[in-house]
Amino acid sequence: MNIEDLRKQAKEEIAQTGTTDKLEELHIKYLGRKGALSTFLAEIPELPNQKDRRKAGLLINEVKNEIEAFLQNKDRELKTKSIQVAASSSFDITEPGLPAGLGTSHPLTQFREYVRDTFSKLGFEEVSAPHMESDEYNFALLNIPQDHPSRDLWDTLYLENGQLLRTHTSNMQVREMEERKPPIRVMTFDRCFRYENIDLKHSHTFSQFEVLYVDENVSMGHLRALSDIFLKQVFGEKTQTRFRPKYYPFVEPGVGVDALCPFCEGRGCKVCGMAGWFEIAGAGLVHPQVLKNGGIDPEKYSGLAWGFGPERMLMIKMGIDDIRHFSSGDLRFLKQF
Amino acid sequence: MKVPYSWLRDFINLRTSAEEVASDLSLSVIGVDSVETVGKEKVLNLDVTYNRGDLLSIAGLARELSAMYNLKYKVAEEVFKSEEGLKILNIKADSRLSKTYTLTKIENLRYKSTPAQIKSRLELAGMRSVNLWADLTNYAMLEWGQPLHAFDAEKVTRRDPTLSIEVRLAKNGEKIKTLDGSERTLTSQDMVIADRRGAIAVAGAMGGEETEVDEGTKEILLEAAIFDPLRIRNTARKLGLRSEASHRFEHYLSPENLIISLNKVLQMFEVYGKGKVTAYHLVGEDSIKSDPVVLRQEILDRAAGVKIPVSTVKDALKLLNFKILSSERGLLCWPPHYRGDIRITEDVVEEVLRMYGYQNIPAQPLKTSLAEAPENPLEDWRDRVTHNLSGLGFNEVRTYSFLSSKALLHSSPKELIKVKNPISAETEYLRPNLILNLTEAAQLNVNRFSSGKIFELEKVYPREGEYLSLGALLWGFKQPFLVLKGVLEELLEDAGINFELRPVKLSYLHPTQAAQIWVGKHNLGVIGALHPHLSNSYDLQDAAVFELDFDILSKLAQRFPEKHPLGKLIADISALSNLIAEVKIKDRYLKEEMRSVTLQVTFQSLERGLGDEDVKPLREKINGLIKKNHGIPRN
């Protein structure tokens, strides 16, 4: 092939090219280090006289410049065209996207972070206490002596190693009091266990959230404030809270905390079982004997404990009808969160 | 406790409906589970808590309602007075077993069937009618809260003509046939009522068949007593004899209320059975003298968070039948005899506050002075790792803390912590790790999801003690070990942790694709493909799992891994000369306090080849920079 043919061939090929990738290939084919023009260039030194060599050089250079120009023009043309194509294309943006594969954290974990955020703003520090616990911290030091009928409130799983599976997160109370000096503001969100058969609403394994606040002049008014702040946050501004007398041996007074049903605003509906209110939390002022057991002078300090069952609260809030979903490991459930 | 509403009206003129009463009770006294309609009757179902044993009676509830609504309590509470000429009975009762023990002999009884109203009230309250004598004692118990037991006096006299009754502990192995026809074998922990021939009743739990009252009974020996609540509780539980009576015996009972109850039931025996009291004897206390509880205003105000007027306090306590007296120490408060739960100031505080109305206590913001909140790496890393794993496409599961019976087949029970009183085979052992639970969770999903990635971050309970563990499992991926290893690498890289893998043989991991994860001297956990015997047993294809000790991980993890001062050093080196094309970390590891880092510096020029004369001065400058950043250069 002579150089004129090459020029012609290059021109044609470039003209027919429809993509920038193909154009890049042609660039290499003709102008690359091992491209077509370089073969002609390599032949120059073999020409017999200076004049021919010079002439050939100029010609090759001319062809090179020309091919470069073709390539550039074509490149410009293709880019312009691609913009036109994009402008005139149609696309259904409402079509669902392709899955990106984000996983999920468990609803209880998400709720835990949410609760913790709220209470850490109020100055509460997160703590934890053992699941396998001694009778002392779970019961005796909380004013629930051995064989005491009030133990009927907690159906307990005992271990062969002499410990028990804690029945509530309140086993952290005396532990934290022993470790700290007032003001004490701690919270925990963790797993507890009861001797309980599993059904829609009950499980032998469940969570509790609990705060303990010990300081000078801690009052039922503080309990009300905590209840208001948190329950309004969970169930919305229209929620109201109320206290009822409730017996827990480690608080005095002890109260149950109700939230106004957010669905019917107290008129009574299916969700709240026509009650208009949900029993949602348990609370009270720490019993002076429990303060003493934790090494705290009840004359100088008072304390409050406040807690609830996260599963139950989530079930109400999110309309989950079966507590077993939480531990089912069923991805159809988990992937919804 | 079931309370027929009309029965309450014998005591007070309630003006509101049963439903309203139930609602008011639950707001200021005690929980009401439901209000049932039975024919024309309403029955309140009270959830009586241990502290309020006094509410296990119609009278007790009426006393409370009378305080709550400020309504007149209509029934006179008269005590039984032993008349002249009554015979004395021969009773022995250890005060540790029974603080008050009374027997009353009623003679000349004439049987008839139980009046309809008594029968129907018993049934509404959840008891069944037996015979007139038993019905009268049960009726009085429901109304007044004091359990009573009737012995057929003639049957007892036939056994022991001296009629010597004793409250004592049973002998080990002592036998008695109880009312229900069962033969019971007792231990020295159980209390019995005995004559000189042996036990005639299991105290507080059930009478003996041999001395049972029936339609032919002409003489009754009526027992009204207060027993040691804990012994009653243990015996009743052990023998499976929990009853309305034993339930009440487990709570606080007062001698004063006993004597009022006795008076009421004896009146009923006279009215319905034409009986005549011929003998009576009381052993032990007939009343309890107690010191007053002192209520200091500042303690009350502290608990309320608001000032409660003294007059309000006094009115509330008077309505609740407290005797009060102002003193320099504070308000002296004597609770009514039936309130055994009132022992300390805080108990009185609760009484005042619930009468004052919890709804009247205003919210009081928490003080703004913050307690010190030190960093909590465990919780911080818990969040971060959870987010990272879900970002990597893992779904968090939360499985039970127990090993299922199936998982147990793949474990050695001897190495596990055992539950003494399991609910079922599924709660017999605590899980020592997460791997089997994760495998089980994966199996549940495998039919619907051909591949999946799950993790759990919860406690595990090996014999050495519980700790927080992180387990992750994936299935349905080609080269699952390498896929999961990639996850591990990125997770630990994010936490600034360098690890090495050492091969390991474990029963649940693949024979060759399994390793321990080591960080310096710490064994952080294991990673491996699932052992074929597990993947077969759980139908899991191409599965791999890792499990890390999260307590250790959170201690080793660095929140801002090596940005300071290493980041600055790298920036400084890069800026030294335009001959330095790239600076990157090739390797790093932690050893005690020391951190060792290998930096790779690329020298490059686009214009010319570089020689030693170019690189050497730069090398010196780099060493200088390392020293300036408190490092020790090792070329």
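Trainee: What span does helix 12 (residues 345-356) of chain B reach from its first C-alpha to its last?

Mentor: This is a predicted model, in which local features need pLDDT of at least 70, side-chain atom pairs count only at pLDDT 80 or more, and totals for chains, interfaces and linings use all residues. Residues are numbered from 1 along each chain as its sequence is written, and chains are lettered from A in the order in which they are written. Helices are DSSP runs (H or I, at least four residues), numbered from the N terminus, and the expected span is 1.5 Å times one less than the number of residues. For the twelve residues of helix 12 of chain B, 16 Å is expected, and the span reached is close to that, at 16 Å.

Trainee: Why is helix 12 of chain B described as largely enclosed by the rest of the structure?

Mentor: A residue is buried if 20 or more other C-beta atoms, placed from the backbone, lie within 10 Å of its own. The buried residues of helix 12 of chain B include Val348(B), Leu353(B) and Tyr356(B). The helix is largely enclosed because the buried residues number ten of the twelve.

Trainee: Which residue follows helix 12 of chain B?

Mentor: The residue after this helix has a positive phi, near 105°. It is Gly357(B).

Trainee: Which helix of chain A gives the most to the side that touches chain B?

Mentor: Two residues are in contact if their C-beta atoms, placed from the backbone, lie within 7 Å. The contact takes 60 residues from chain A and 71 residues from chain B. With six residues, the helix that gives the most to the side of chain A is helix 8.

Definitions and conventions:
Helices (H or I, at least four residues) and strands (E, at least two) are DSSP runs, numbered from the N terminus.
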